[in-house]
Amino acid sequence: MTGVSAPECGWAAALCVGCAGWLALAGESRRRRARALCAGFPGGAGPRVPVGERVSGWLRSRAGAFGGEWLCLPVAVLVAAAGASVLPLVAGACAVPLVRRGLQAAGRRRAAGRRAEAVVALCAATAGELRAGAQPARALMDAAGATGGLGKDETAVVAAVRFGGDTPAALRQAAQVPGADGLVGLAACWQVAVDGGAGLAAGLDRLEDALRAEYDQRHSLRAQLTGAWSTVVVLAVLPVVGLALGAAMGAHPLRVLLHTPAGIGCLGAGALLEGAGLWWAGRIVRTAESG
């Protein structure tokens, strides 16, 4: 009877660990749907479910509290099992905070884009309310509630509008959030309308046109830079492709890189060069986007 070799056991264990990590970290959307379904039951208890489903749901909800950066650990476990070395585990643990920073920066950029779009919608909705006969204060409050263009500072701005406070100052304070720069123009229009008696709706129309043109230009630039981002992704994947080709040819690249002094030196130098190249390429693309 043929026995199972140790490398095959290691690969099987690593595959099981990777699958378990992926299934655990993929439970966030299921957790949100379960909460939405249980929201209508008293106390949030919901219908009776089997014990196994409750245990698996609890495990997924605990794992779903972590971010996507923790996927580095199952990948590190797989590489460590394939190369029979602890170096990939150390690298995976060090990569978690770096990946978290990158994901948080990407999330901030997406939030800034959504905020800019909401400000454009706020100007359009306010101008529409004014043409419908609403007073400026009521128009701004209704538009803010419908579009969310004031974000977390909506309470302060609405309080200033309702109780006769310094509305332009409140709008300028709200404009300090990334992506809300258009609120500075709204504050200027409000100041001119109050002090000089100019038409607020006409000013908001011009402001909306300017903000929308800037927003469309930014999106067009991002679409044109898709090829550059593809180059960055290819640059990141090339080392993995090289390792896969070496393994397919029987060269055992992981054994060389993880168990020989020359391989460890080449691995460290390659990792530094790869990180520098990715950082530089990403910086060039982000500078072009912001410019």
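This is a predicted model: local features need pLDDT of at least 70, side-chain atom pairs count only at pLDDT 80 or more; totals for chains, interfaces and linings use all residues.
Visitor: How many residues line the largest pocket, and which lie nearest its centre?

Guide: The lining of the largest pocket is made up of 49 residues, and those that lie nearest the centre are A95, V99, A236, E274 and L278. The elements that each give two or more residues to this lining are α4 (72–83), α5 (87–131), α11 (226–248), α12 (253–259) and α13 (261–290).

Visitor: Which element gives the most to the lining of the largest pocket?

Guide: That is α5, which contributes 16 residues. When the lining of the largest pocket is sorted by class, 35 of its residues are nonpolar, six are polar and eight are charged.

Visitor: How do I read the way in which two helices pack?

Guide: Two packed helices are described by the angle between their axes and the distance between the axes. Here α4 and α5 pack at an angle of about 160°, and their axes are 8 Å apart. An angle over 145 degrees counts as roughly antiparallel, and α4 and α5 are therefore roughly antiparallel to each other.

Visitor: What is the handedness of the crossing of α4 and α5, and which residues make the contact?

Guide: The crossing in which α4 passes α5 is right-handed. On the α4 side the contact is made by C72, L73, A76, V77, V79 and A80, and on the α5 side by P88, L89, G92, A93, A95, V96 and V99. By class, the contact of α4 with α5 has twelve nonpolar residues, one polar residue and no charged ones.

Visitor: At what angle do α5 and α6 pack?

Guide: Helix α6, which covers residues 136–147, packs with α5 at an angle of about 140°, with the axes 8 Å apart, and that makes α5 oblique to α6. The crossing of α5 and α6 is right-handed. In this contact A118, A121, L122, A125, T126, E129 and L130 of α5 meet P136, A139, L140, D142, A143, A144 and T147 of α6, and the residues divide into ten nonpolar, two polar and two charged.

Visitor: How far apart are the axes of α7 and α8?

Guide: The axes of α7 (residues 154–162) and α8 (residues 167–174) are 9 Å apart, and these helices pack at an angle of about 170°, which makes α7 roughly antiparallel to α8. Their contact brings A156, V157, A160 and V161 of α7 to T167, A170, L171 and A174 of α8, with seven nonpolar residues, one polar and no charged.

Definitions and conventions:
Residues are numbered from 1 along each chain as its sequence is written. Side-chain values use heavy atoms; hydrogens and water are left out. On a 1 Å grid over the protein atoms alone, a cavity is a set of points where a 1.4 Å probe fits but cannot get out, and a pocket is an open set with protein on both sides within 12 Å along at least five of seven lines; lining residues have an atom within 4 Å of a point. Helices (H or I, at least four residues) and strands (E, at least two) are DSSP runs, numbered from the N terminus. Ala, Val, Leu, Ile, Met, Phe, Trp, Tyr, Cys and Pro count as nonpolar, Asp, Glu, Lys and Arg as charged, and the others, Gly among them, as polar. Axes are lines fitted to C-alpha atoms, for helices over the stretch in contact, and angles run from 0 to 180 degrees between N-to-C directions. Angles under 35 degrees count as roughly parallel, over 145 as roughly antiparallel, 65 to 115 as roughly perpendicular and the rest as oblique. A crossing is left-handed if the near helix is turned anticlockwise from the far one by less than a right angle, and right-handed if clockwise. Contact means heavy atoms within 4.5 Å.
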